[in-house]
Amino acid sequence: MERKKDDVLALGNEIVSEGLSRGIDDIEVYYQDVDSQEVVIEKNDLQLPKADKYKGIGVRVCKDMRIGFAATNDMETNSSKNLLDEALILAQNSPPDRNNVFPAKANLSEVKDIYDSEGAEIELNNLIEISKDFMTEIKKDDRVMVESASFSANIINNAIFTSKGISSQYQKTFFSAQALSFAREKELVSSFDIEYLASCFLQDLSIKKSAARLRDKVVASLGAEPVESFKGEILLTPFAAVSLIMRPIVFAINSENVQNGISPWKNKLTERVSSNKLTIHDDGTEAGGIGSKKFDREGVFPEKFTVIEKGILQELLYNSYTAHRAGRKSNGRAAGGAQSTPGISPGNLIVAPGKKSSKDLIKDIKKGLLVNRYSGSVDPVSGDFSGVVKGGELIVQGKRKQPVREVMISGNIYDILDQIIGISQNREDIMNYKLPYMLFSDISITGKDSLN
Amino acid sequence: MELKEILKKVVANRDEWLELRYHKRTSLDIEVKNGRLREATRNILSGVAIRALVDGCWGFVSTSETSYAGLSKAVSQACKSAKEAAPLKKEKVKGLASLPAKKEKVDFARSNNQQKETSLEEKIREIRQADNLLQKAGEDIIASQVSYSEYQDEKIIVTSDGIEVEITDPKCDVGVVAYGVKDSQQERAHVSKSITGNWTELFSEKSLADLVDEAVSLLRQRLTAEHVSGGEYQVILDPALVGVLAHEAIGHTVEADFVEAGSVVQGKIGEQVASELVTLVDDGNAAGAGRTLVDDEGCQADKTIIIDKGILQNYLHNRESAFKYDTEPGGNARAFTYRDEPIIRMTNTYIRPGKSELAEMIEGVSEGFLLKGMAQGGQADSTAEFMFDVLEAYKIEEGQISHPVKGITLTGQAFEVLKSVDAVSKDFALDLGRGYCGKGQPAKVDAGGPYIRCKLMIGGQQ
């Protein structure tokens, strides 16, 4: 059962007071409850309606610069006293660290459009209807098979209370739809493709449009042919860019990785890290953003800043530990929930748009590939990547020639960021990313001919 | 009233078919990075998972409420959602394979496990010492990470058809990651180990210091290794990579839900799908990290022979699919937490050892590679096409191991690869490390086998 706002406040204050009375230097209480509903489709058929109610609490204590953390979702039999006991035992067994400092209270402001009060009233029946709409649209072509799909609605309450005076709560709604599909026509089988939609507002999920797009993509990749190896351009769709480009960038701009010396950009602040076509902002409070929040995992306001400006690295992601170690303030990128200690992650990573449409970028390609999805490895430490192009299309002299299969691309991510020659004007929202299509030159493309 | 009695009462009071699973996980995580104790956390996650079967459709509700009133309400919700969804479900659940009604208590820990429990203080101290050892291993080490996780699951499963099972399942794992640099090129190497059991058993064969040595040695080899040219080669896969192939590329295709969805082995029972040197097994009784003596439907684990001397023999089942295929379930219905429904999963999946000596297998390769362990991860789909990247690799030239190489990605169709197997070694290890299998929800699994020699495509970076 969802706790009322006042109950949560009372619980948080009770634990903080109890901790202070025991001589603990700093106490942080993070509370979260989540009410989820989901409809799961498998092999073109409804598989399971699901519902989950979760509420949990995590207590972090700091005594003599030693940290301990304990969490539970069993609020009936685990009293706040037990949690404090557990956290204190862990702290007593931990070494002191002068950077174990909890953030001071600062002004927080509400974030717009992250709670859909109408959508929060959704019932399972509505989700079943949504899944029906999706299936009807995608099955308009009977060659299309839905391997799996899910449609979910989540209502989330977050609250934080600290001995430094932070006391705040916010609500968020999160709706998502995802589907994995392929097409089959006699002996021809396409590669798998994915659609992923997420929004804080139910009405913003364009279910039918997404189903039609997935249908068209998998049908278009029927009859894929191998190609010979060549060095050429690749145009990454926003979806392919998430795994291939954005995840290594998120690793590289994580201040903990920088301080630990494992980020390839450890000494690169204010230096060039990519082509000047790339500009990235991180906005933790963007209206309606999937990654938006009133406060981060430590109660800090997640401010907006520029990460990369025309290829120059401007800022990293900090929580209060790494910020203190760097002798600065946190920029509110502490991540996690009630059952984990604060990590680091971006708010909403937004790549600035270019001037041409993705269709016009295709026209610029002499010989290259449209990469719809990337299935392979990316080592964020070395930057080496090597993997298979899924749903790829060969493009010659600006024209889409044929779907391709058994094609691999490889190289080093941090090197090829300097080979960005085009960024599209049109962008897509994928989780907490807003991404354009990205065009790269001189990429090693390994085709079937390399077989001995 | 005891929780088990509450579960029984809730089930007894409804006409619908019900499965209630209380599942409490108590976990400890310790992580030290570059000398900093990054994580020292204790966590309790507990609640009840409810599955209702109504009008041929499942409904699933998970809740942390454990009172009679709270559970009765959640059961009503599960039944209602199943009833509402049933009209949309085209292929109804026609029945469940029957299981003998039973009342039992099962502990997944190995029975001779009598060692004393290691204290929290000792665990933190040893993890910090290992990290310190790693940091001081040489000037080429730029960063270190040692992490340890353990959890103890306690479950009570009660169903409408008379199953009352209480389960205790302790699992733990450790990972060591070394980061280094040479000529401004950064690399990382990791080693890990995972078991069903406790801290003492985890380090019974190799100490933390041994794992640190392995990680450093592997890192140095990667720092000096050369990139290779892509192409099809004869290769020898070590037990860890054989495990990845057995689990990721083959195992998923034989899970009955994937078979139903049209996986590549649909309708191929009795057909030759691999070299006759290959026998592939899933066994929840084996002493690996995937040990599952009783699954989350209350079904006893069995040894399922998936491929017998190259012939496809069996799929992996839960109660629903076993009923449909008129066979016995083998204990493969698993749920990660109380918030997850049981789905068909592997446990310990392996290829049985053969008769060859590894040295002779290497001698038989004129140009190829000896490949060990998975680096970042792997992917495979229901066509059995896969992609794995390799942690440790050596070029083989004229029957001799010549030099270390890196940046290798393996791709291919797993059954084609298994058909190309021409030698299987006498060795055997379950060696999937601390990895979890992902299928909508994680599962602790293990996999392995002997060394095998086969042909497959390598993606390189030259």
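**Exercise 1.** In which crossing, left-handed or right-handed, does H3(A) pass H4(A)?

*Solution.* Some ground rules come before the steps: this is a predicted model, in which local features need pLDDT of at least 70 and side-chain atom pairs count only at pLDDT 80 or more, while totals for chains, interfaces and linings use all residues. Residues are numbered from 1 along each chain as its sequence is written, and chains are lettered from A and ligands numbered from 1 in the order in which they are written.

Step 1. Helices (H or I, at least four residues) and strands (E, at least two) are DSSP runs, numbered from the N terminus. The axes of H3(A) and H4(A) come within 8 Å and cross at roughly 35°, where axes are lines fitted to C-alpha atoms, for helices over the stretch in contact, and angles run from 0 to 180 degrees between N-to-C directions.

Step 2. A crossing is left-handed if the near helix is turned anticlockwise from the far one by less than a right angle, and right-handed if clockwise; H3(A) passes H4(A) in a right-handed crossing.

Step 3. The contact (C-beta atoms, placed from the backbone, within 7 Å) is made by A:Ile130, A:Asp133, A:Phe134, A:Glu137 and A:Ile138 of H3(A), together with A:Ile207, A:Lys208, A:Ala211, A:Ala212, A:Leu214 and A:Arg215 of H4(A).

Step 4. By class, this contact of H3(A) with H4(A) has seven nonpolar, no polar and four charged residues; here Ala, Val, Leu, Ile, Met, Phe, Trp, Tyr, Cys and Pro count as nonpolar, Asp, Glu, Lys and Arg as charged, and the others, Gly among them, as polar.

**Exercise 2.** Describe how H3(A) packs against H2(B), a helix of the other chain named here.

*Solution.* Step 1. Helix H3 (residues 124-138) of chain A and helix H2 (residues 68-85) of chain B pack at an angle of about 30°, with their axes 10 Å apart.

Step 1. The two helices are therefore roughly parallel to each other, since angles under 35 degrees count as roughly parallel, over 145 as roughly antiparallel, 65 to 115 as roughly perpendicular and the rest as oblique.

Step 2. H3(A) passes H2(B) in a right-handed crossing, and the residues in contact are A:Leu124, A:Asn125 and A:Ile128 on H3(A) and B:Ser81, B:Glu84 and B:Ala85 on H2(B).

Step 3. Sorted by class, these are three nonpolar, two polar and one charged residues.

**Exercise 3.** How many residues does each chain give to the contact between chain A and chain B?

*Solution.* Step 1. Chain A gives 58 residues and chain B gives 62 residues.

Step 1. On the side of chain A that touches chain B, S2(A) gives the most, with ten residues.

Step 2. That side of chain A has 22 nonpolar, 22 polar and 14 charged residues.

**Exercise 4.** Is A:Cys200 buried or exposed, and what does it touch?

*Solution.* Step 1. A:Cys200 lies in the loop between strand S7 (193-199) and helix H4 (207-220) of chain A.

Step 1. A residue is buried if 20 or more other C-beta atoms lie within 10 Å of its own, exposed if 12 or fewer, and partly exposed in between, with C-beta atoms placed from the backbone; because A:Cys200 has 21 other C-beta atoms within 10 Å, it is buried.

Step 2. Leaving aside neighbours within four places in sequence, A:Cys200 is in contact with residues including A:Asp113, A:Tyr115, A:Phe174 and A:Ile290. The C-alpha atoms of A:Cys200 and A:Phe174 are separated by 4.5 Å, although these residues are 26 residues apart along the chain.

Technical notes. Two residues are in contact if their C-beta atoms, placed from the backbone, lie within 7 Å.
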